[in-house]
Each structure stands twice: as C-alpha cells, then as structure tokens.
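Here are a few quick notes to read alongside the model.

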Amino acid sequence: MSIPLILDIAVGLIFIYLILSLLASEVQELITTLLQWRAEHLKKSIEVLIAGGNDDSANAQKARTLANSLYDYPLLRNLNQEAKGRLAKAFRRISDGVIKLGRQMLPKDKNVFGKKDSGPSYIPAESFARTLIDALKIKPLAHILSISRVEKFKQDRLLEKIVAVVTEADISEDKKTIFEKELNKFDQSLEEIVADLRSATTTLEMSIERMSDKLDTWIGNCEIGLPADDPSSQMFVSRLKLLKQDIFCENERRVLLGTLKPKLEEVMQVITRSPELYSEFEKAVKDKDSPTYTDISKLIDTLPDSLKASMVELTNRVKSGSASIEDDISQLQIQVETWFDRSLDRASGVYKRNAKGVAILIGLVVAVTANTDTFHIVESLSKNSILRETIAKHAEQKVSQNSKETPVILADLKKEMRKTLSDVSIPIGWSKANRDQQFSKEDRKIFYLKQIVGWIVSGLAISMGSSFWFGLLNKIVNVRNTGKSDFPKHEQQIVPEVRE
C-alpha cells in the first residue's frame, strides 16, 4: 500500500470522525444546557469549598445553607441571566419544565439550588470573595466593636478623669455643683456623638474630633464661670487643659484611633466565638432584638467550623500594615479570590474528567446510531477510489476555506459539514446499500464481533472532539499536499468546542 493511498484513507477517516464529533458535541452541549451540569457542578464545588471537604452531614448541611444564601446576594444572583427573546424564553420554559420534572423524582433536599431552579454557570473570583465577605458581616461586626470601644473610652478615660479633676479642684461647692450640671450636658453631647457613630452618620475619626471640640467648649465655659484672679480656679482650668492635651494631642489621637479601631483578627475572633471578643460584642449590642444582632448571631451559629478555620488562616496571611480595617478587608478579599481560584481549578479538573466520560458514552451512542464501523469505513475507502478522492477533495476544500487569517467559527463549520453529508455518500448509516456493503460472507459471529469493535473504536474517536480532528486534518492535508508553511501558524485559530 503506497503512502499517498494511506494518506487519502487517513484524510477520509478523519473527515468522517470530524463530522460525527461535531454532531456529538451538539448533543452533549444540549444535554449540558438542559440539565445545567456546569451550574450544578459549580454550586457543589462551592459547597465543598465551604465545607472544607468535610463529609460530616451537619457540616455539609451548614455549607449548603450558606451557599444558598450566597446565591441570593445581588453580585451572584445577577450572574444568572435569563433568556430575553420570545423563542429563547419558550425554550427556557421547556427546559425548566424538563428540569422540574426530573427533580420531582428526587428528595426535596436534593435540589442543588435550594428553592431556586437554576444558578450561574460561572462566578468570577472577585464576585465570590466580595459576596462571602459581605455574608460574614465583617464590616458590621467591626462597627459594633468600634462603638463599644468608643463608649468605654468616653466613660473610663474621658468622663471619669474629668470628674476626678472636678472633685479634686480647690473651688467652692457652689461652683462644683455648677460644673457637675455642665458636665451632665457635656455627657449628653457625647452620647449624641456616639449615637451618630452608631447610625453610621459620622466616621470614627470625625467622632473623636467632635469629642475634642466638645471638651474644648466645656473647658471654655468653665473658664468663663471662674474668677480670673483666683489661683485655685486657674489651676483647675489648667488641669482641664492638660487633661485635654493628654488625651487628644496629635500623637495620642493617633494611638487612640488605633485602639478604638478593631483589627481584622479581632473580628475573626468574634466570628469564631472567642470568649473575650464575643463577650465584648454581646455587651456592645444594646438591643438584642435588633436585626443586626439577630443576623450576626444567627450567622455565627450556622457557619461551618471548616469555613471559620479557613477564614482564620486567610486572615493570618493578611499583612497590610495598615490601621484601617478597610485595607485589611481588601487584602482579605485578594486571599479569598486566590483560595476560590485554586479550588475551582481542582473542581474544573473533576468536571473535565466527568465530561470526558459523558463524551465517550455519547460517542458510542452516535457510532451505533449512525452505524459508524471504523473497519468498514477503512475497507470502503481502500477499495473505492472514487469515494476516497471525493472525500479527500471535500476535506481539502474545508481546510482551505477555514485556514485563512480569520478565525474559524464553529457554527459555520457545522453548517458546512451538514452540506457535505448531502454531497458525499459516506459509508455510514443503516441504509440497505451500506448494510449490503458492510455485510460479508464471513462467519456471522466474527462479523458481529468485528462490527462491535468497530463501533467502539469509532465511539472513542468521536469522543476526542471536533477541534482535535480538525487540527489533525489540517496536518494530514498539509502532508498530503507536500505541506504549506503558513498552515500550522493558523492551526490554533479554530474555536475549540466546549466538551464539558
């Protein structure tokens, strides 16, 4: 057998595999879309990530509940885009009906998407990280701790020291009584500042600045009410000014803000129920029936222990060097994105292996349905020179049409291949003419065994995918025509099919 003949047979066989692999990829894509395999695999992968690979039923249930809640957040919910056109909506309703019918046969708790019918097939790492950090209530927790510390500062460091100065002052009891009344007004003004901070009307920095201003005003009022020529009164005012300087000077204010702002590690200790920090959080919340306290306490109780451990580990990696928790949260988001990406890389490998298994099954079904016997095809191509030359000619035309500077559009390639099927009498199918050619006088047992093996070989070949066979067809045609140096350069321009 000459080399040109072998190349012609190879071109014909690869061309047939290419046509059938395009059909198989369409079937697999349709099944994948209808059954939402990608979306379901992504949801399950996120549950495994949250559960930390722990198969404990309670831990897995907590992970599923948290994942369902994450899917309700706008950043993830908006990724699940619905069809817009009438035809697309009709097809969507049909596919939803098929999915619901299939899920009615499963236990209620087996629906991957919880109460929803579908989910996104792809989630960017940034969207997941931001959603998870929002779900963990890190900013509200930090705000509550900050308010608690401001109140403690107000009471322990500010008011008590002022009361001590007033009590020790060498002034008349009448003056002390007046100052104590003024001190009550000062306390009320501080409460208003804390209330504004609690409602997030002002920032922590602005609240400390306002407290300093209020103290200045109160000292000024005290100074007005005292005789200027009384040394004891002036000593009292001087002590108040020194106290204010000691608390609110530039360096002390910087240190003060550092102590009032909770660190990211401290917030994580609340989430993991560290006794000291969690008790501080409990004391900070005045209204135990408030939605904020209810949501945070419920979240802490329902978080999987594995996720708590993972978040503590990711928090330990944050090295921002900043006193701002916002900067720490930004660094934590980067860590969560990396964590999510690495997990999805592993999940993608699992999905591709599963998709490959499905592709093999579909390839076998297509091979049997189309009666694609590799041994019969090779035999037909080797004996029928007209068939061999016709297929080789069509293959060359397709390669030359799709090896230009513009990338190949897979949908256009499929249309061309369908036209080829009507133009060329390929030795496949269950037609009487093909079965007469396929059947020989050899022993039936040997024939059937040979046919089954031929189907298996064809099915495995079809499962390799159209991009593989198109690339190989390019190379074989190049060799057959003594090669063209510009072909390999554009060989990667075909859009690879998604065979998951």
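This is a predicted model: local features need pLDDT of at least 70, side-chain atom pairs count only at pLDDT 80 or more; totals for chains, interfaces and linings use all residues.

1. H13 covers residues 275-284 and H14 covers residues 291-302. Their axes come within 11 Å and cross at roughly 160 degrees. Angles over 145 degrees count as roughly antiparallel, so H13 is roughly antiparallel to H14.

2. Who does the touching? On the H13 side, the contact is made by Tyr278, Phe281 and Glu282. H14 answers with Tyr293, Ile296, Ser297 and Ile300. Sorted by class, the contact of H13 with H14 has five nonpolar residues, plus one polar and one charged.

3. On to the largest pocket, which holds about 510 Å³ of space. Its lining is made up of 21 residues. If you want to find the middle of the pocket on screen, look for Thr65, Leu66, Asn68, Ser69 and Lys298, the lining residues that lie nearest its centre.

4. Which elements give two or more residues to the lining of the largest pocket? They are helix H3 (57-71) and H14. H3 gives the most, with six residues.

5. The residues around the largest pocket split into eight charged, seven nonpolar and six polar.

Conventions. Residues are numbered from 1 along each chain as its sequence is written. Side-chain values use heavy atoms; hydrogens and water are left out. Axes are lines fitted to C-alpha atoms, for helices over the stretch in contact, and angles run from 0 to 180 degrees between N-to-C directions. Helices (H or I, at least four residues) and strands (E, at least two) are DSSP runs, numbered from the N terminus. Angles under 35 degrees count as roughly parallel, over 145 as roughly antiparallel, 65 to 115 as roughly perpendicular and the rest as oblique. Contact means heavy atoms within 4.5 Å. Ala, Val, Leu, Ile, Met, Phe, Trp, Tyr, Cys and Pro count as nonpolar, Asp, Glu, Lys and Arg as charged, and the others, Gly among them, as polar. On a 1 Å grid over the protein atoms alone, a cavity is a set of points where a 1.4 Å probe fits but cannot get out, and a pocket is an open set with protein on both sides within 12 Å along at least five of seven lines; lining residues have an atom within 4 Å of a point. Grid points are joined across faces, edges and corners, and a volume is the space filled by probe spheres set on the points.
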